[in-house]
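Trainee: I would like to go through this model with you. Could we begin with how it should be read?

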Amino acid sequence: MPSYTVTVATGSQWFAGTDDYVYLSLEGTAGCSERHLLDKPFYNDFERGAVDSYDVTVEEDLGEIQLLKIEKRKYWYQDDWYLKYITVKTPMGDYLEFPCYRWITDEKEIVLRDGRAKLSRDDKTQILKQHRRKELETRQKMYRMENLYVNRFMHMFQSSWSDFADFERIFVRISNTISEYVMQHWKEDFMFGYQFLNGCNPVLIRRCTEIPKKLPVTMDMVECSLERNLTLEEEVKQGNIFIVDYELLDGVDANKTDPCTIQYLAAPICLLYKNLENKIVPIAIQLGQKPGPDNPIFLPSDASYDWLLAKIWVRSSDFHIHQTVTHLLRTHLVSEVFSIAMFRQLPAVHPLFKLLVPHMRFTIAINTKAREQLICECGLFDKANATGGGGHVQMVQKAMKDLTYSSLCFPEEIKAKGMDSKEDIPYYYYRDDGIKVWEAIKSFAEDVIHIYYESDEVVCEDVELQAFVKDIYVYGMRGVKASGFPKTIRTREKLAEYLTVIIFTTSAQHAAVNFGQYDWCSWIPNAPPTMRCPPPTEKGTVTIEQIVESLPDRGRSCWHLGAVWALSQFQDNELFLGMYPDEHFVEKPVKEAMAKFRKNLDEIVNTITERNKNKKLPYYYLSPDRIPNSVAV
C-alpha cells in the first residue's frame, strides 16, 4: 500500500506546542485518505520547536496531492498550537511543502495547499477552485471593512510645573542621546527648523512659491532674517522660502472632557528660510488663519519670550497633526485598509498574499488595541491631548480629502512639495533615505511580479487582484474618485508601484514617523500635547510664567511621556524589512529575489551608517535594519 512521510514543524515561540490530538488527511486527484492520528507511542508529539515525522499509509494511490487537512481535537483542556509548515514525501519520492505559519485554536479543521504560489487561472481542478472560493468566502465574513473614519470612539495631578527645569524631573530618568540634545537646544531656531526636515513629522514642509494672502508678511518684517541681500519676493523666486500651514486644525474643537482644565488649539502658519549655511530657520509665525490686529505675525526680532511662545504653539500644533494625521490616519488606518482587503480578496495561495502578508503582521490587532485604549472615549487622547474628546475624529475627517494615492507615492509626494532637490536642500535625510528604500522595495516588487505575471494581460485577467484593488477603493477610500486610488490595475508597471505603496506605507513610512517620537517629543516644551492658555493676541506681554502656565500640567505630561516612550519601542523579536522567516514562498526564483532585496537593503544600511558617523543628530529612522516589516506598534 502507498505510504507518505509527513513531517510537521511546530513553532518555537512560547506556548507554541500542544498536547491536543492532531489528525491529518490527504486529498488528491484520485481520492482522499482516511483521517490519520499523528501520534508516536511513548513520545511527546508537537513540542515547542519540534520537527516530527510520521508515516501515513493509504489503501490506494491518491494521485497528485491537492489539499492537506489538519484537525486539532481537545485532549484534556484547550491547548492552542502554532503550526509552521508540513512537508509530504510522496511514494514517488517527490516533496511537497504546505506552509501554515499560524495559530490553530479551538477544535477546528485547517485546509492547506502546497506552497507554490498560484494565480486563479492556474487552478485547473474543481477541488482547488472550490477550496480557493471557500477560503475567501470565510475570510470575507470574518473581515469587514467599514471605512477609514475613526469610529465612535483628569482630575489627578493638575498642578502646573514650576519652570522648564521642573520638566527634567520626569525627563532625565529615561532620556537618550537625541532627546537630551533636543532638551538642550529646543529654544534655538536651527533646532526648530531642523525638525521639519528630520524630526518625527518631516512630511509637512513645502517650498513656498507665493506668500499666501492670509499671511501678510512684509519685507520690513523679515529683512533682518534674510542673508542674500534680496527682497522677500526674490527669495521666494529663488526657492529659499518654505512654509508649513496647520490650516487643518482651524475649527477643530479643543478637548472639553475635563471641566477643571480649559485646553486650547491653534492653526498657525510658519514661514521658514534657507540661510547661507543651508539651514532651515523660522522667520515668521502667525498663530491663526485669519490676519488681523489680534493675530500678530511673530518674528525672531520680537521679544525673546514672544518668539519662544509662538514656536511652542507651532510645535504643539505639529504634534497634533503628527499624531492624528501623519501617524494614525496615514500609516495605521491606511495599513488596516490594505490588510483587510488582502484577507478578504487574496487567498493564501496567491503570490500577492504571500508577498504582502509579512507586512500586515499584527496591524489589525494593534489598531484594535488603539481603538480600545488610545482613541476611545476616556482613552489616552482624552486624558492627555488637546484634540481628545472628538477633535481627533474631526481631524481625520478633514484630512481624508488630502489622502490621495499620489500622496502615498513617496518620490511623487516629495516632488509635489518642491522638496526633491538634494542640491538645494542637502540635509533632508528623510527624503534621501526614503527614496533609497522606496526604490529597493519597488525593485523587489518588480522581480516578484515578473515571476508570476508574464504580461500585462495576465495582470488584467487576475480577478482576485482586481477584487483586492477594488476593495481598497470602494471600502477603504469610500469610492471617492478624487482620492486617485485606482479601481483596476492594467499593467505590471502599475502593479509594481501599487505594491510598493502598500509595502512602503506599512513598513518604512510608519517607521519614519513612529520610532522617533520619544527622541523628539519626550521633552514636553518641544511637543506639548495640550496648551492651557489661549494663543497670545498681542506682542510684548508674554512672560516666562505665562509660558510655563500654558504648558501641560504634571499629570498630562506624565501620560504623554509614557505614551511616546511606549510607541517608540520595537516589539520583542521584531522582524525588520526584508526578514521573512515564515517561508510562504517555496519557489527558488522568489527566494533569489528576496536575497537580492536583502542585499540592496544592506547596502542602504551601510550608506546610512557611514553618513551618521560623528553626527550629533544622526538620522536612522529609515535605515532598513530599524524598519519593522509591518505596523505593529
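This is a predicted model: local features need pLDDT of at least 70, side-chain atom pairs count only at pLDDT 80 or more; totals for chains, interfaces and linings use all residues.

Trainee: How many salt bridges does a search of the whole structure find?

Mentor: The search finds 32 salt bridges. A salt bridge here is a side-chain nitrogen of Lys or Arg within 4 Å of a carboxyl oxygen of Asp or Glu.

Trainee: Which residues are linked in a network of salt bridges?

Mentor: The network links R113, D123, R132 and E464. Within it, the side chains of E464 and R132 meet at 2.6 Å, N to O.

Trainee: Is E464 buried or exposed?

Mentor: E464 is buried, because its relative accessible area is 8%. R132 is also buried, at 5%. Buried means under 20% relative accessible area, exposed means over 50%, and partly exposed lies in between (1.4 Å probe, protein chains only). The areas come from the Shrake-Rupley method with a 1.4 Å probe, and for residues only the protein chains shown count as cover.

Trainee: And what does R344 form a salt bridge with?

Mentor: Its partner is D471, with the closest N and O atoms 3.0 Å apart. This pair links distant parts of the chain: R344 lies in helix α7 and D471 in helix α16 (residues 463-476), 127 residues apart. Both R344 and D471 are buried. Helices (H or I, at least four residues) and strands (E, at least two) are DSSP runs, numbered from the N terminus.

Trainee: What about D114 and R116?

Mentor: Their side chains meet in a salt bridge at 2.8 Å, N to O. D114 is buried, with a relative accessible area of 11%, whereas R116 is partly exposed at 33%.

Trainee: Changing topic, why is helix α4 described as largely enclosed?

Mentor: Helix α4 (residues 189-198) has ten residues and eight of them are buried, so the rest of the structure largely encloses it. Among the buried residues are M191, F192, Y194 and N198.

Trainee: Now the second largest pocket: what is its volume?

Mentor: The volume is about 930 Å³. Of the 32 residues that line this pocket, L204, R206, D402, E413 and K417 are the closest to its centre. Elements that give two or more residues to the lining include β11 (241-245), α7 (304-345) and α17 (492-514).

Trainee: How do the lining residues divide by type?

Mentor: The lining has 17 nonpolar, six polar and nine charged residues. Ala, Val, Leu, Ile, Met, Phe, Trp, Tyr, Cys and Pro count as nonpolar, Asp, Glu, Lys and Arg as charged, and the others, Gly among them, as polar.

Trainee: Which residues make the nonpolar surface patch?

Mentor: Y21, L37, Y75, W76 and Y77 make the patch, of about 630 Å². Patch residues have over 30% relative accessible area and no salt bridge; nonpolar side chains (Val, Leu, Ile, Met, Phe, Trp, Tyr) are joined within 5 Å, and like charges within 9 Å. Y77 sits in the loop between β6 (65-73) and β7 (81-89), and is partly exposed at 48% relative accessibility.

Trainee: Finally, what is phi of F42 near?

Mentor: Phi of F42 is near 55°, a positive value in a residue other than glycine. Most residues other than glycine have a negative phi. F42 lies in the loop between β4 (36-37) and β5 (51-57), and is exposed at 90% relative accessibility.

Trainee: And N229?

Mentor: N229 also has a positive phi, near 55°. N229 is in the loop between α5 (219-222) and α6 (232-237), and counts as exposed at 79% relative accessibility.

Notes
Residues are numbered from 1 along each chain as its sequence is written. Side-chain values use heavy atoms; hydrogens and water are left out. On a 1 Å grid over the protein atoms alone, a cavity is a set of points where a 1.4 Å probe fits but cannot get out, and a pocket is an open set with protein on both sides within 12 Å along at least five of seven lines; lining residues have an atom within 4 Å of a point. Grid points are joined across faces, edges and corners, and a volume is the space filled by probe spheres set on the points.
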